[in-house]
Amino acid sequence: MLSACCHLFFILHPQMAFMRLGSKSDAFHREGQTWNCTTGLPSDVTVKVGEASFFLHKFPLLSRSGLLKKLIADFSNEDGSNCVLQLHDVPGGDKTFELVTKFCYGVKIEVTASNVVSLRCAAEYLTMDENYGERNLIARTEAFLNEVFSNWSDSIKALQTCEEVKSYAEELHIVSRCIDSLAMKACSDPNMFNRHVEGHDCSKNSAQDPALWNGISSGTKSPPPGDDWWHEDLSSLNLHLYKRLILSIEAKGMKPENVASSLIHYIRRFIPLMTRQASSNDKNGVNQGTTTNSTISEADQKPLLEEIMGLLPNKKGVTPSKYLLRLLRTAMILHASPSCIENLEKRIGSQLDQAELVDLLIPNMGYSVETLYDIDCIQRIIDHFMSIYQSATASTSPCITEEEPLIVGTNALAPMTVVANLMDAYLAEVAQDVNLKLPKFQALASAIPDYARPLDDGLYHAIDIYLKAHPWLVDSEREQFCRLMNCQKLSLEASSHAAQNERLPLRVIVQVLFFEQLRLRTSISSWLYVSENLENLQNPSGNLGLPRNNGTGQLDPTQGAENLRDLVSELEKECSCIRSELRKLAKTKKSWSIFPKIFCRKNS
């Protein structure tokens with residue numbers, strides 16, 4: 001009857017599973033660290049658990065516990081004093097032993113998910129099996145544990161309490177059973193089992209929510225939980241239990257994306273640096289994620305981060321690049337092991353095309369801070385990226401003529417083009433640092449091959465910013481520096497800006513103007529070629545589209561001459577406009593007058 005009653009309570013109250021044992025009223029009172037039984041009979045046995053003392057009676061104890069029966073029988077009291085037992089190793093300490101004592105006396109107790117593990121371990125320790133009374137504490141707690149394992153939130157609570165009685169819970173396989181139950185639930189539909197929603201109280205809602213009538217919802221159902229519904233509950237576990245549980249969840253077929261998401265959620269709860277946006281003033285960062293009250297000491301944050309890194313799935317793209325970069329930045333601040341940092345750099349390099357500029361701006365954490373940002377770290381990341389993608393894009397040279405290889409090469413080149421634009425933006429950001437040496441800038445810029453950049457506008461912008469922030473560079477250094485960009489790959493807007501840029505060497509400006517003139521000339525030639533082909537298509541006879549007389553089919557010389565004059569006039573106007581634009585570009589430089597001298601030197 002009792003087990004049926006307990007089961008009834010569990011079904012009616014899935015969020016608060018409990019089991020009531022005993023029927024007598026409480027016959028114990030506490031005075032400091034002393035517990036006395038108020039049955040009216042003098043105490044004949046004293047049990048000491050830690051600093052607490054329990055003044056009890058032999059018969060209720062030995063009738064339920066094999067260990068207490070043996071200890072009482074072995075105790076010799078030649079002086080006639082009461083039996084005194086030392087039980088300092090009882091699982092759960094004095095709080096659990098208090099519940100065990102009340103069970104032995106038949107006093108009402110309430111077994112919950114928070115105390116059933118310690119009670120089960122204490123019952124095993126005290127040998128409270130069926131040999132010492134029917135439906136003893138071992139059987140009762142074991143039955144209730146099975147009920148607890150059918151409920152998600154109660155299983156979480158039970159697993160948390162296993163840490164208090166770790167060795168006993170491991171020996172009784174309570175930890176492994178609880179982990180296996182939680183892992184199965186995490187990989188299944190949460191609507192198929194009892195799952196407590198944090199902050200949701202059915203009893204309160206039934207009285208306050210107008211959508212509920214007699215406890216039955218008459219409104220719309222709550223939205224279904226997402227794939228991350230279990231992340232918050234798991235983050236309440238300590239690292240040892242969380243690691244075992246997440247490995248079990250992964251082994252049962254959980255998607256790597258969900259595993260990685262849970263690991264990131266866990267580390268963000270305990271390491272506040274993970275919730276701060278990367279900036280040069282990183283120590284003053286503001287939390288962007290959920291506020292955490294579970295921050296651990298800095299000494300414990302480092303091993304936690306290294307453990308989480310070892311659990312992250314290796315599959316590319318599973319962990320977003322922004323979180324990998326935050327992990328890297330946090331690892332540097334916490335001085336994680338070199339292997340951990342190297343692992344992170346390689347992971348980031350393999351998916352660098354998914355990163356964002358703000359996350360790449362990692363402050364320099366070195367002891368000798370030369371630059372504002374960690375340029376060497378980004379150099380290693382880009383080198384790893386190139387080691388992966390350069391072989392795939394080696395066949396994407398301009399000499400490719402077959403259609404299929406060209407399509408394959410274009411697809412392989414896409415990530416590299418994204419990274420090229422990302423690196424140009426990064427260079428523009430770090431170029432403002434006056435301590436950034438020219439060789440480091442050049443090494444980072446030249447790490448991306450020329451064919452990966454459709455346009456060099458971004459690189460030109462970064463070069464211009466660097467020249468502005470480093471005005472002391474001599475002409476030879478400026479000329480060598482500007483060789484990083486290809487003047488032929490500047491857009492019209494960038495070319496116009498470069499032609500008037502006094503920070504650029506004259507040789508570079510001449511190249512810009514020359515290639516711009518060449519581009520205009522090519523455009524005119526192409527336009528004339530297209531126009532001629534269109535006229536030939538419209539007039540297969542090759543008579544340049546001269547109109548014919550109405551109805552006769554013969555040419556009209558007067559109208560044909562007028563059309564030719566109009567066409568020539570338009571071409572002359574276009575050429576005149578082009579010459580005018582070139583003159584304007586030439587006049588923008590005061591030193592344009594030395595142009596003839598340059599050509600004279602070349603001719604000589």
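Buried here means under 20% relative accessible area, exposed means over 50%, and partly exposed is what falls in between (1.4 Å probe, protein chains only). This is a predicted model, where local features need pLDDT of at least 70 and side-chain atom pairs count only at pLDDT 80 or more, while totals for chains, interfaces and linings use all residues. Residues are numbered from 1 along each chain as its sequence is written, and side-chain values use heavy atoms, with hydrogens and water left out.

**Figure 1. The whole chain, before zooming in.** The chain has 26 helices and nine strands, taken as DSSP runs (helices are H or I with at least four residues, strands are E with at least two) and numbered from the N terminus. Of its 604 residues, 41% count as buried. Looking at contacts (heavy atoms within 4.5 Å) with a separation of 6 or more, 70% come from residues 24 or more positions apart.

Figure 2. A disulfide needs the two cysteine sulfur atoms within 2.5 Å, and the structure holds zero of them. Both side chains are tucked away: Cys 162 is buried at a relative accessible area of 2%, and Cys 178 is buried at 1%.

**Figure 3. Helix H7 against helix H9.** Cys 178 turns up again here, as one of the H9 residues that meet H7. The axes of H7 (residues 152-161) and H9 (residues 174-186) come within 10 Å and cross at roughly 145°. Axes are lines fitted to C-alpha atoms, for helices over the stretch in contact, and angles run from 0 to 180 degrees between N-to-C directions. The crossing of H7 and H9 is left-handed, meaning the near helix is turned anticlockwise from the far one by less than a right angle (clockwise would be right-handed). From H7 come Trp 152, Ser 155, Ile 156 and Leu 159, and they meet Val 175, Cys 178, Ile 179, Ser 181, Leu 182, Lys 185 and Ala 186 of H9. By class that gives eight nonpolar, two polar and one charged; Ala, Val, Leu, Ile, Met, Phe, Trp, Tyr, Cys and Pro count as nonpolar, Asp, Glu, Lys and Arg as charged, and the others, Gly among them, as polar.

**Figure 4. Helix H21 against helix H22.** H21 (residues 457-469) and H22 (residues 475-482) have axes that come within 11 Å and cross at roughly 165°. Ile 463, Tyr 466 and Leu 467 of H21 make the contact with Arg 478, Phe 481 and Cys 482 of H22. The contact has five nonpolar, no polar and one charged residues.

**Figure 5. His 384 and its neighbours.** His 384 sits in helix H18 (residues 375-389) and is partly exposed, at 22% relative accessible area. Leaving out residues up to four places away in sequence, His 384 touches Lys 346, Gly 349 and Ser 350. Gly 349 is 35 residues away along the chain, yet its C-alpha is 5.3 Å from that of His 384.
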